Amino acid sequence: MTTVADDIWAILREVAQSQKEFKVAQKELQDAQKQTEREIKAVSVSIGRLSNRLGEFVEEAVRPAAVRLFRERGIDVHEVHQNITAKRDGEGLEIDLLVINDKDMVVIECKSNLSIDDVNEHLIRLEKIRRLMPRYKDNRISGAVAGMVIPGNVAAYAIRKGLYVIGQNGDHLELQNDAVFAARIW
């Protein structure tokens, strides 16, 4: 015959065993969460690398097309520079593509999927050009955005802001601006 004390001890042993099982399950859950966090970080890094590679792909596609496209618009491009960095007085900027001749300069931002935020960032970048790259102070500076995917509203916004828009049309790149478009000069 069991006594009340025996029953209490049995209950306490069950509680102790449950607590041990809970701690083991809690530890397994924490380990699983850490593993999930590591996997999410690895996926984020991979996505970042893929995004950078897509951006590089767009730059490589736009670079040779830019010469043709801007020559068709009367800008006789002599030089194309890629991945330009300028720093001066604690301020800096990065340029994907720079197409220039003796008097004109077009600063091109390339994206895999162009957004309004990208256009706005490029407008800010263009405001810095003369200050951070004074050797081009006498050039007519205009801007362009290019993308593999350019939503219609983003293209229209960029054009309203005075930028050239370079996008895909079938298997080639073209300026989406109409023939009478006059680019803004910075």
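**Close-up views of a predicted protein chain**

**View 1. The hairpin of strand 1 and strand 2.** Two residues lie between strand 1 and strand 2 in this hairpin, and D89 in the turn shows a positive phi of about 55°. Strand 1 covers residues 79-88 and strand 2 residues 91-100, and the two pair in the antiparallel sense over nine bridges; to pair, strands need at least two bridges found by DSSP. Where does T85 find its bridge partner? The partner is E94, in strand 2. The model is predicted: local features need pLDDT of at least 70, side-chain atom pairs count only at pLDDT 80 or more, and totals for chains, interfaces and linings use all residues. Residues are numbered from 1 along each chain as its sequence is written, and side-chain values use heavy atoms, with hydrogens and water left out.

**View 2. The elements in order.** Three helices and six strands make up the secondary structure of the protein chain. Starting at the N terminus, the order is α-β-β-β-α-β-α-β-β. Helices (H or I, at least four residues) and strands (E, at least two) are DSSP runs, numbered from the N terminus.

**View 3. The outline of the chain.** Along the principal axes, the C-alpha atoms fill a box of roughly 105 × 45 × 25 Å. The radius of gyration of the protein chain is 29 Å, whereas a compact globule of 186 residues would have one near 16 Å. This radius is taken over C-alpha atoms, and the globule rule is 2.2 Å times the number of residues to the power 0.38.

**View 4. Inside the chain.** Of the 186 residues, 34% are buried, meaning under 20% relative accessible area (1.4 Å probe, protein chains only).

Definitions and conventions. Buried < 20%, exposed > 50% of the residue type's maximum accessible area, 1.4 Å probe, protein only.
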